[in-house]
Amino acid sequence: MHRALAKTTAAVGRRGLATSSAAAFPQYVLNAPATETTTLGNGLRVASEGGHGETATVGVWIDAGSRYETAKNNGVAHFLEHMAFKGTSNRTQTQLETEIENMGGHLNAYTSREQTVYYAKVFKQDVPKAMEILSDIVQNASFDPAAINRERDVILREMQEVEKEPEEVIFDRLHETAYMGTGLGRTILGPTENILSISRDDLTDYIQTHYTAPRIVVAGAGAVDHKQLAELSEKHFGSLPSKSPNAVAAAMEPASFTGSEIRIREDSMGLAHVAIAFESAGWASEDAFPLIWSRTSGSGANMASKLCQAVAEGECAHSVMSFNSCYKDTGLFGVYAVAEATTLNDLAFHTMESMVRLCHRTTEEEVARARTQLKATMLSHLDSSSQICEDVGRQMLTYNRRLSAAEIFARIDAVDASTVKAVANKYINDQDIALAALGPLHEMPDYNWLRRR
């Protein structure tokens with residue numbers, strides 16, 4: 001995997017550098033703070049971007065999410081996230097909450113399909129204490145049986161809330177059908193039967209299998225000193241094992257895309273929710289940036305996109321947005337829309353036409369407009385230490401390095417109309433689709449009609 005990543009990065013880098021040599025990037029891009037990195041003896045990586053101010057964000061990014069679960073323990077990574085704040089062998093839940101509140105800090109966590117994250121935002125003088133607390137909840141969670149049983153009810157209520165959100169349901173069903181039978185097809189929360197049966201042994205086994213040093217990044221941003229952060233990481237995480245006791249269970253299951261569909265017809269709903277997707281590239285692919293461009297402009301959710309123009313003129317949908325969900329070795333590129341039942345046929349036509357259009361009629365004007373939009377979006381997502389810390393941790397897990405703003409700008413500028421057409425032909429033209437639809441679907445065209453577009 002590392003060899004493939006290095007090869008891809010080099011190829012894209014050369015294309016980008018050729019363009020960037022002629023481009024005059026703003027000083028705020030060229031002078032962006034560097035990301036410092038250190039690798040500990042056990043393989044754990046420490047990365048930080050220092051800055052001014054009085055607050056800092058530090059966190060632990062772990063290369064483990066629902067993708068690494070099995071059908072039997074699906075939901076355990078998310079369950080772990082909940083249990084992390086319920087007490088450790090060194091402090092009770094009340095003591096943990098009191099310590100964070102006394103610092104004026106914020107402690108949180110989240111689970112995705114490929115990552116689990118624990119992070120804290122504190123005053124700069126409290127970074128050492130925050131690191132100690134993070135190491136404690138990651139390595140010493142007590143998993144009290146009574147707390148586990150209480151948390152089952154909390155997660156089941158969370159599941160009920162998720163199921164009330166059609167967009168959440170649609171994207172879970174889209175992954176379920178596109179990656180059927182594989183880790184990426186499973187939900188993050190897991191099925192009800194697993195939530196009711198996950199045991200203390202399941203939680204400890206998952207930690208022992210996946211929470212190894214080479215799969216962990218300690219990231220920091222804001223008022224952090226990298227040398228101090230590296231020393232604190234060595235002190236609190238230096239004893240983490242370098243290898244999993246169960247290498248087979250720790251391995252990532254390869255992605256397998258299947259052209260298919262899930263339709264949940266519910267005529268009592270007022271609106272239909274539809275997501276149509278093609279398989280796209282993973283983060284490390286040289287095709288990643290052209291696909292992000294395609295999401296932004298060609299079939300995007302801005303009014304300059306051909307899809308939005310057609311939908312607005314034909315009054316085909318209440319809302320429409322494009323998406324490009326990236327993972328290590330695959331992705332889903334497509335369109336999600338909410339529409340009246342009577343407009344689904346027209347909506348399907350314009351959606352497929354706009355995506356196929358990327359293969360043949362992308363213009364340089366569209367590319368130029370999307371470049372500016374992408375750059376603005378990228379910079380707006382780095383406005384706080386928490387957002388920067390998130391970017392550092394995610395990129396270190398994804399690329400094993402942090403891409404600088406100048407390099408990202410260069411890669412964006414390297415995309416032209418011919419690049420977009422070539423990539424669109426590769427992933428869209430005459431390729432299978434995955435479809436998830438919910439609501440009154442009696443006018444939604446069948447799968448073969450969509451596939452022939």
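**Sheet, cores and selected residues of the predicted model**

Within strand E6, Val218 is the bridge partner of Val60. The structure is a predicted model, in which local features need pLDDT of at least 70 and side-chain atom pairs count only at pLDDT 80 or more, whereas totals for chains, interfaces and linings use all residues. Residues are numbered from 1 along each chain as its sequence is written, and side-chain values use heavy atoms, with hydrogens and water left out. Strands (E, at least two residues) and helices (H or I, at least four) are DSSP runs numbered from the N terminus.

Strand E6 (residues 216–222) pairs with two strands that are described here. With strand E3 (residues 55–62), the pairing is antiparallel and extends over seven bridges; Thr57 stands opposite Ala221 of E6. With strand E2 (residues 45–50), the pairing is parallel, over six bridges, and Gly222 of E6 is the bridge partner of Gly50. Two strands are taken to pair if DSSP finds at least two bridges between them. Seven of the seven residues of E6 are buried, so this strand is largely enclosed by the rest of the structure. Buried denotes under 20% relative accessible area, exposed over 50%, and partly exposed the range in between (1.4 Å probe, protein chains only).

These strands belong to an open sheet of six strands with mixed pairing, in the order E1-E2-E6-E3-E5-E4. Strands E1 (36–39) and E4 (106–111) stand at the edges with a single partner strand each, so one side of each is left without a neighbour in the sheet. From one strand to the next, the twist averages 15°. Helix H5 (residues 127–139) lies across E3, E4, E5 (116–123) and E6, and runs at about 155° to E5. Axes are lines fitted to C-alpha atoms, for helices over the stretch in contact, and angles run from 0 to 180 degrees between N-to-C directions.

The largest nonpolar core comprises 53 residues, and those with the most contacts inside it are Leu44, Leu107, Tyr118, Ile137, Leu203 and Tyr211. Helix H5 supplies the largest share of this core, seven residues. A second, separate core of 49 residues includes Val320, Phe333, Met355 and Ala410. A nonpolar core is a set of buried Ala, Val, Leu, Ile, Met, Phe, Trp, Tyr and Cys residues joined through side-chain atoms within 4.5 Å. Among the residues that Tyr211 touches are Ile62, Leu80, Tyr118, Val138 and Leu240. Contact means heavy atoms within 4.5 Å, and for Tyr211 residues up to four places away in sequence are not counted.

Two further buried positions were examined. Ser66, in the loop between E3 and helix H3 (76–83), counts as buried at 0% relative accessibility. Its contacts, not counting residues up to four places away in sequence, include Asn74, Ser112, Arg113 and Arg186. Asn194, in helix H8 (residues 192–197), is buried with a relative accessible area of 6%.

Helix H16 (residues 385–399) has 15 residues and reaches 20 Å from its first C-alpha to its last, close to the 21 Å expected at 1.5 Å a residue; the expected span is 1.5 Å times one less than the number of residues. Eleven of the 15 residues of H16 are buried, including Ile388, Val392, Met396 and Tyr399. Asn400, which follows H16, has a positive phi, near 65°.
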